[in-house]
Amino acid sequence: IVNQWINGGSANYGITFRRDEEDNLNKNWRAFAAKNHSTSAYRPYTKITYENDDRGPKYDVEKSPTTWTNGNVTVTIKNVQDLNHDGGTSPVAGIPTNAYSITTSSTPSYSSSKSKSFSKNFSVNTTVKDNNNNPTTKTVTITNIDKLNPNVPTKVSGNDGAWTNQNVVVKVAVSDRAKTDNDGCSGIASYSCTKSATPSSNSSDWKSVSDGATQITLPAISSYGTYYVFVKDKAGNISSYPYTKRDYENNSTHTVTYKGYQFTAYIDKTEPVIDDVNLHYDEELGHNVLTVEAHDENEGCNYCAGMA
């Protein structure tokens with residue numbers, strides 16, 4: 001329906017087309033032409049207003065990763081569609097460039113970015129608005145970030161430091177930790193017990209533990225040596241803690257990272273060796289004397305319990 005001719009200024013005249021109302025919808029067209037009304041000079045300009053678009057857009061929110069991690073979690077807005085009053089996708093006001101907000105605040109902060117990474121566990125508010133400033137908000141909760149190392153294991157029983165010719169069985173207490181409410185506590189997933197002072201990179205050295213375990217009985221130790229026990233949580237963090245060590249000679253300090261529970265198993269299963277046996281009469285004592293010369297040895301190393 002042509003309502004009227006309008007003066008578009010010194011260079012242009014305009015004509016307005018107005019569509020009848022349908023479902024409370026007003027849709028306006030404006031077409032501007034040159035003064036001489038030359039068809040070839042028409043330069044159409046369209047402005048559309050949807051008075052019945054009073055519903056916010058629909059969209060999905062994705063978190064990645066969703067399993068335990070010692071890295072960051074990215075929240076992403078996906079599959080955005082604007083909706084009109086009746087829930088349809090046409091006609092609609094459309095989505096502006098700066099339509100997206102991903103924040104821990106209750107107040108939206110709009111930008112063109114559809115994703116944001118978080119380094120701690122938070123409740124995250126996501127909002128998308130359309131050109132009519134109709135917002136839709138969804139809240140997602142990040143709970144799977146754990147960046148803290150588990151506590152270093154502590155001995156519960158076994159290995160009292162005395163020499164033995166038996167296997168040594170050690171039981172240790174294990175626990176994960178969190179400092180604040182925003183720190184995840186994924187729980188202990190596995191442990192290793194080797195003679196290496198640094199955690200093993202060999203997956204076969206790591207043994208899984210039952211979910212929620214607070215104590216671990218280590219496999220029986222059968223030979224002498226110093227052993228190191230490490231635990232790993234479900235996010236991949238390995239037990240360790242830093243401490244400051246002072247170098248008094250150079251009057252300086254440096255940070256040392258001590259990892260794992262350390263213990264020495266004093267095991268000697270090798271029999272002593274008799275070197276010589278001598279029976280002779282001792283005139284001073286007035287009787288025979290049996291002399292035995294022997295030494296102890298521990299096969300494969302230089303440590304042994306010694307002669308008793």
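Q: Hi! How many aromatic pairs does the structure hold?
A: There are five aromatic pairs in this structure, going by the atoms. Keep in mind that the model is predicted.

Q: Nice. What kind of pair do W163 and Y266 form?
A: W163 and Y266 are edge-to-face, with 5.3 Å centre to centre and 70° between the planes.

Q: What about Y261 and F263, stacked or edge-to-face?
A: That pair is stacked, because the planes are at 25° and the cut-off for stacking is under 30 degrees. The ring centres of Y261 and F263 are 5.6 Å apart.

Q: Is F263 buried or exposed?
A: Buried, at 4% relative accessibility. Y261 counts as buried too, at 14%.

Q: Okay, charges over rings. Which ring does K129 lie over?
A: K129 lies over the face of Y110, at 4.2 Å from the ring centre. There's also K138, whose charged end sits over the ring of Y59, 4.9 Å from the centre.

Q: Switching to N159: where is it?
A: N159 is in the loop between β11 (154-157) and β12 (171-173). N159 counts as buried, at 15% relative accessibility.

Q: What does the side chain of N159 reach?
A: The backbone oxygen of T264, at 3.1 Å. Setting aside neighbours within four places in sequence, the contacts of N159 include V169, F263 and Y266.

Q: And S200, buried or exposed?
A: S200 counts as buried, because its relative accessibility is 19% and the cut-off is under 20%. S200 lies in the loop between β13 (188-194) and β14 (207-208).

Q: What is the side chain of S200 doing there?
A: It reaches the backbone nitrogen of N202 at 3.0 Å. Not counting residues up to four places away in sequence, S200 touches D205 and W206.

Q: Last one, the big picture. How many helices and strands are there?
A: Zero helices and 21 strands. Of the 308 residues, 30% count as buried. The accessible surface comes to about 18,700 Å², and 44% of that belongs to carbon and sulfur atoms.

Terms used. Residues numbered from 1 in each chain as written. Predicted model: local features only at pLDDT ≥ 70, side-chain atom pairs only at ≥ 80, totals over all residues. Heavy atoms only, no water. Helix = DSSP H or I, 4+ residues; strand = E, 2+ residues; numbered from the N terminus. Buried < 20%, exposed > 50% of the residue type's maximum accessible area, 1.4 Å probe, protein only. Polar contact = N/O pair within 3.5 Å; in protein donor to acceptor, adjacent residues only side chain to side chain. Contact = heavy atoms within 4.5 Å. Areas by Shrake-Rupley, 256 points an atom, 1.4 Å probe, with all protein chains shown as cover. Phe/Tyr/Trp six-rings, centres within 6.5 Å; stacked < 30°, edge-to-face > 60°. Lys NZ or Arg CZ within 6 Å of the ring centre and 35° of its normal.
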